[in-house]
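Subject: Structure for you to look at

Hello,

Here is the structure I said I would pass on. My notes on what turned up in it follow below.

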Amino acid sequence: MTDPEPDELLPVKVDVLRVVEVGIALWVVALIVTLVIPSLHSGDRDWWPWTCATGAGLGALGWAYVRRGRGNASAA
């Protein structure tokens, strides 16, 4: 099998909105897990739930940005 020429390669279509939604869902699951298990949010790990909440919040901002159409590379 020969290697494809660089001009034969095409960009991969990715549903960016779906990727952001999955990321937000994973942050929410991580937040629930850190809140349910006491050892994950006590002592030196008291910042872990805040990290998960921040990840979900920034993901929501990214979702709104992509939803408005500004995060699509096809329009560039």
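Arg18 and Glu21 sit three residues apart in helix H1 (residues 16-36), a spacing of about one turn of the helix. Please keep in mind that this is a predicted model. The two residues form a salt bridge, with 3.1 Å between the closest N and O atoms. Side chains of opposite charge can pair when their charged atoms come close. The cut-off used is 4 Å between a side-chain nitrogen of Lys or Arg and a carboxyl oxygen of Asp or Glu, and the count by this rule is one salt bridge. Glu21 has a relative accessible area of 29%, so it is classed as partly exposed. Arg18, for its part, is exposed and lies on the face of H1 turned away from the buried side, as do Leu26 and Val36.

On the helix itself: H1 has 21 residues and spans 30 Å from first C-alpha to last, close to the 30 Å expected at 1.5 Å a residue. Its buried residues are Leu17, Val20, Ile24 and Thr34. Viewed down the axis of H1, these fall within an arc of 115°, so they line one face of the helix. Helix H2 (48-67) is included in what covers them.

With Pro49, the C-alpha to C-alpha distance is 5.9 Å, although Thr34 and Pro49 are 15 residues apart in sequence. The side chain of Thr34 also reaches back within the chain, to the backbone oxygen of Leu31 at 2.8 Å.

For the protein as a whole, there are two helices and zero strands. Buried residues make up 14% of the 76 residues. Among contacts with a separation of 6 or more, 49% are between residues 24 or more positions apart.

Regards

Conventions: Residues numbered from 1 in each chain as written. Predicted model: local features only at pLDDT ≥ 70, side-chain atom pairs only at ≥ 80, totals over all residues. Heavy atoms only, no water. Helix = DSSP H or I, 4+ residues; strand = E, 2+ residues; numbered from the N terminus. Buried < 20%, exposed > 50% of the residue type's maximum accessible area, 1.4 Å probe, protein only. Contact = heavy atoms within 4.5 Å. Expected span 1.5 Å × (residues − 1). Arc of directions from axis to C-beta. Polar contact = N/O pair within 3.5 Å; in protein donor to acceptor, adjacent residues only side chain to side chain.
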